Amino acid sequence: MPIPNKLREARKLNGLTQKDVATYLGFTDEGQVSKWEQGHYYPGTEYLFRLCVLYGVYPHQLYGEALREMRKRNRYKN
């Protein structure tokens, strides 16, 4: 499942609106959260960890598939 879908699903499973998430992260509106969920941008590391705390998930649950794909393409190596 693509990262934007995972972000949207995690938010909905927690019964949160985009506005709720934006407020938690300190944004004035939900525009940034919407862009993440539409796939226009991805949350940076700071926001990724805060989202994980809010959603009760681990980073690899949101980004694991993307990291595996990057490894396949030799863009990311251990």
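R11 is buried, with a relative accessible area of 8%; buried denotes under 20% relative accessible area, exposed over 50%, and partly exposed the range in between, computed with a 1.4 Å probe on protein chains only. The structure is a predicted model, in which local features require pLDDT of at least 70 and side-chain atom pairs count only at pLDDT 80 or more, whereas totals for chains, interfaces and linings use all residues. Residues are numbered from 1 along each chain as its sequence is written, and side-chain values use heavy atoms, with hydrogens and water left out.

R11 is situated in helix 1 (residues 3–13); helices are DSSP runs of H or I with at least four residues, numbered from the N terminus. The side chain of R11 forms a polar contact of 2.6 Å with that of E37. Such a contact is a pair of N or O atoms within 3.5 Å; within protein, one atom must be able to donate a hydrogen and the other to accept it, and residues adjacent in sequence count only if both atoms are side-chain atoms. When residues up to four places away in sequence are not counted, R11 touches L16, T17, Q18, V21, E37 and Y55, contact being defined by heavy atoms within 4.5 Å.

With the same exclusion of residues up to four places away in sequence, V21 touches R11, L16, V33, L51, L54 and Y55. Y55, found in helix 4, is buried at a relative accessible area of 6%. Its contacts, again not counting residues up to four places away in sequence, are L7, A10, R11, N14, L16 and V21.

Helix 1 packs against helix 3 at an angle of about 125 degrees, with the axes 6 Å apart; axes are lines fitted to C-alpha atoms, for helices over the stretch in contact, and angles run from 0 to 180 degrees between N-to-C directions. Helix 1 is therefore oblique to helix 3, since angles under 35 degrees count as roughly parallel, over 145 as roughly antiparallel, 65 to 115 as roughly perpendicular and the rest as oblique. At this contact P4, L7, R8 and R11 of helix 1 meet W36, E37 and Q38 of helix 3. Q38 is in contact with P4 and R8, leaving aside neighbours within four places in sequence, and a polar contact of 2.8 Å joins the side chains of Q38 and S34.

Two further residues of helix 1 were considered, namely K6 and E9. K6 is buried, with a relative accessible area of 14%, and touches M1, Q61, L62 and E65, not counting residues up to four places away in sequence. E9, by contrast, counts as partly exposed at 41% relative accessibility.

Technical notes
Helix = DSSP H or I, 4+ residues; strand = E, 2+ residues; numbered from the N terminus.
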